[in-house]
Amino acid sequence: MDDKRHLISVIVQNKAGVLARVAGLFSSRGFNIDSLAVGETEDPELSRVTMVTRGDEAVIEQIRKQLNRLIDVLRVHEFRSGEDYVERDLLLLRVNAPPGKRGEIMQVADIFRGKIVDVGVRHLMIELSGPESKINAMIDLMRPYGIKEMVRSGRIALARGNKSV
Amino acid sequence: MQRKGAEILRDVLIDAGVDTIFGYPGGAVIPVFDVLVESSIRMVLPRHEQGAAHMADGYARATGKIGVCLSTSGPGATNLVTGIATAAFDSVPMLALTGQVKTPLIGNDAFQEADTTGITRPITKHNYLVKDVRDLARTLKEAIHIATSGRPGPVLVDLPLDVSTSSWDGEISGEVSIPGYRPNTVGHVRQIKAAADAINSSERPVIYAGGGVIIADAHQELAELAEKGNIPVTLTLLGLGALPGDSPRFLGMLGMHGTATANYCIQESDLIIAIGARFDDRITGRIDAFAPHAKIVHIDIDPTSISKNIRVHIPVVGDAKSILREVNKLLKPVERKGWFERISMWRAKHPMTFKENTLKPQYVVQEICRASREDTIIATEVGQNQMWAAQYYCFRRPRTILSSGGLGTMGYGFPAAIGAQFGCPGRLVWDIAGDGSFQMNIQELATAVGYNQPVKVAILNNGFLGMVRQWQELFFNKRYACTDLMANNPDFVKVAEAYGAHGMRVTERDQVRDAVEEAVKTEGPVVIDFRIDREENVFPMVPAGEAIDRMIGGMA
Ligand SMILES: Cc1ncc(C[n+]2csc(CCOP(=O)(O)OP(=O)(O)O)c2C)c(N)n1
C-alpha cells in the first residue's frame, strides 16, 4: 500500500453531527486522521474542515467521493503537490528556560520567527506557526532544553491567488 | 394556524402523498399516534419494529413510493436498525420516524433514550434530530426529498416528545433547497457518445444491469438498448424483472449463483455495459480475474459506485433512463453472429436443471411461477430459498422481486411481502421462505391476519439453515455446526392456524401443483410447509474468491 500523505479540505454546513459524519468515513475503514482542524469560514453558516490522512490513492479517492455524497458537505478539495497553496500548523511550546539559557532559547525562537507569549521564572512559552517541517525543526532544537508541554493545532491550508475552494 | 408538532408531521406526510405508516407505539410517540390515527393515513401495527421497517421497505420497492415506518425511542428505534440498514444497502426510499426523549433530557441517560441519530448515521442516506418545532416541517420535507431523489435511501428523523407536543403557527413553505445536495442526473454528452461508440464497435458486448434500472424506471430503455444494439443481457438479483425473464436476449442472473451462460459471457466479452449495478463481490468473484478482455462502460447515478471495485473505462454519471435514451439514439445495427452462436452453444450445454426424483425446491418455485401472473410479487428470505427463487421464477416485470440483496437480511421477506400487499391490493404476493428465515419475523402472521392481507408464504422447509449447511458440506467437511433446525422446528401448519391463517403441508412432489393453486384461491393469508429434499444444493456455484467461470455443480 502506498501510504501517501493527503491534505483534504472540506466545506461543510455548520451543523451538529457534521464532523461525526466526516470522521466516520475514515474511522469505518480503520483510517486514522493525523490532523484535523475545523473553523468558521467567511460565511458563518459554513465551516472548513482540513484533514491530513495517509492512505492508498484508490481508497482516498473513494473517501473523497463519499465526502461529496454527504448532504452537509458542499465542496471537497485535495491539495496536491505542485499546486500553489499555503499550509500552516500552529505550535505552542513550553520549554525549560533557566536564567542562563534564556537568551539562547530566545535566539532560536527568533530565527524561526517564533513569538514569546509567556515568561515564567524557569520557563518560556513560544508560539510558532508555519509549515510542518519548520515546526518540527524548531521542536528538535528545543528538545535538549527540556520541553515541558506542547500542543499543535491541526493543519490548515488555503490556495494562493484567486482560486478558492 | 397553531399546530402541534404531531399535526405538522401529519400534514407534511399527507401533502407528500403518504397513505400508510407502519408503526409501533411507545411512550415517546403516543401523541404522534394520537394524531395520526385520526387522519386519512392508514396506521398499520406490526408485531415488531423490524417488521415495520421491512414492511415500509416492501411497500416502497413494490410501489416505487416512499415507505414510512415509525417507532418509539430507545428499543423501538434500535429494533428498526436492521430494517433501515437493509433499505440503505438496496437504495430503497424510506422515511424512518423515531420518538426521542424530551430535548432537555437528551444525553442524560433518560428512560428509553438512545442516540438514534448516532447509531443510524452510517446506515442512512441522511438523518436529523429535530430540536425545535419550528424546524419540523422543513426538516420533514427535506427528508422526503432526500430519500426519494438521486440514489434513493432511508432518511431518519428523530422527534423528541416535546417537539411533537409543542405548537407552532408558521407556514410550511413550498420548495426545499439543500445547498449540499444536487444529485447529478444528466449524463455528460461526451461520455454518452463514447459509450455508444464503444457499443457500436464491440464484437462481444454484454449488458449487466442491476436494481438501479428499476429504480430509474428505465426498463423500457434497457429493452430498447438490448434490441436495437443487439446485445445479450444479464441481471443481478435486484435487477430481475428489468428485462422480462423470457426475453430471447436474457442470459439469466450472473455471479455466485448465476447461470453458466451469463458468467461465461462476462468472462469472454469485450465490452460490459453496466447499468445501475455496483460490481458487488457476489457478482465479480475474484476481482483480478473478472472479465479479463472487457472494456467497461458504467452508467450510474452515484459517482461513488464508479471504479470502486473494478476500474471503469467509460463512466457515465446520471439518471439511467435519460442516459439510455441518448445512447439508444446513437446505436447502429450490428449482427454479432459469432457471439450469439457462442451464447446458444453455452445455453444448450449448460441449461439450469435439477433432478426431479423427490420434492425439490426448484420445482416448487416453478409451480409458483406457473400459477402466477405477470404482476405477481415475489418476496424472498435469504439463503437457498432466495437463490432458487431467483433462478427458477421467471420475473417478467420490474418491481416484482423483493429481496435483501446487499445486506442479506434473514426475516426480510415476510414483512416485505405484507408491506407490498398493502401497497398493491388485489395483486398476488408470495414470500418464498426458508424455515430459518421465516422464524425471524414469524410474529407478523398476526399483522397479515389482522389486516387481512392475503400474503402466501411458501416455506421451502429443509430443516436446515440451508445455505450455511451447503457451505459446510462443500467447504467444511460436512460438519454441520449449528445449522440443523429440524428437531425443534415448530409445526408450521399449526402455527399458521394458531394465528388464524390457513396452513398446509406438502410432502410429495405430486401435491405441489394443487397446493399452490389452493393457496392462490384462498382469500386470506396462507402458509405452506413444503418438506423439500433436505440436502438439496444451489447450483451452479462459484466458490467465494474464485473467478466467476470456475463454477461447481449443476453443470450438465
Ligand atoms: C439475520 C441473518 N443472520 C444470519 C445470516 C446468515 N445466513 C445466511 S443464509 C442462512 C441460512 C438461512 O436458512 P433458511 O432461512 O432456512 O433458508 P435456506 O438457506 O435453508 O433456504 C444464514 C444463517 C443472515 N443472512 N441473516
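These notebook entries record what I looked up in a predicted model.

**Conventions**

I number residues from 1 along each chain as its sequence is written, and I letter chains from A and number ligands from 1 in the order in which they are written. For this predicted model, local features need pLDDT of at least 70, side-chain atom pairs count only at pLDDT 80 or more, and totals for chains, interfaces and linings use all residues, while side-chain values use heavy atoms, with hydrogens and water left out.

**Entry 1: salt bridges**

I began with charged pairs. Side chains of opposite charge can pair when their charged atoms come close. I applied the rule that a salt bridge is a side-chain nitrogen of Lys or Arg within 4 Å of a carboxyl oxygen of Asp or Glu. The structure holds 53 salt bridges over all chains.

Lys15(A) sits in the loop between β1 (4-13) and α1 (18-27), and Asp72(A) in the loop between α2 (57-69) and β4 (73-79), so the pair links parts of chain A 57 residues apart. I took helices (H or I, at least four residues) and strands (E, at least two) as DSSP runs, numbered from the N terminus.

Are Lys15(A) and Asp72(A) buried or exposed? I used these cut-offs: buried is under 20% relative accessible area, exposed is over 50%, and partly exposed is in between (1.4 Å probe, protein chains only). Lys15(A) is partly exposed at 42%, whereas Asp72(A) is buried at 5%.

In chain B, the side chains of Glu367(B) and Arg370(B) meet in a salt bridge of 3.0 Å, N to O. The two are three residues apart in helix α15 (residues 361-370), so about one helical turn separates them. Glu367(B) is buried at 4%, and Arg370(B) is partly exposed at 44%.

I also noted a network of salt bridges that links Arg5(A), Glu87(A), Asp89(A), Glu132(A), Arg152(A) and Arg155(A).

**Entry 2: aromatic pairs**

Rings of Phe, Tyr and Trp (its six-membered ring) pair if their centres lie within 6.5 Å; planes under 30 degrees apart count as stacked, over 60 as edge-to-face and the rest as tilted. By this rule I found 14 aromatic pairs over all chains. The ring centres of Phe22(B) and Phe422(B) are 5.7 Å apart with planes at 75 degrees, so the pair is edge-to-face. Because Phe22(B) lies in strand β2 (residues 20-23) and Phe422(B) in helix α17 (residues 413-423), this pair ties together parts of chain B that are 400 residues apart in sequence. Phe22(B) is buried at 0%, and Phe422(B) is buried at 4%.

**Entry 3: backbone**

Where does Ser91(B) lie? I found Ser91(B) in the loop between α4 (75-89) and β5 (94-100) of chain B. Its phi is near 55 degrees, a positive value in a residue other than glycine. Ser91(B) is buried at 9%.

Phi of Asn477(B) is also positive, near 55 degrees. Asn477(B) lies in the loop between α20 (466-475) and α21 (492-499) of chain B, and it is exposed at 67%.

Finally, I noted that the peptide bond from Phe539(B) to Pro540(B) is cis, with omega near -5 degrees. Pro540(B) lies in the segment after β20 (526-531) of chain B.
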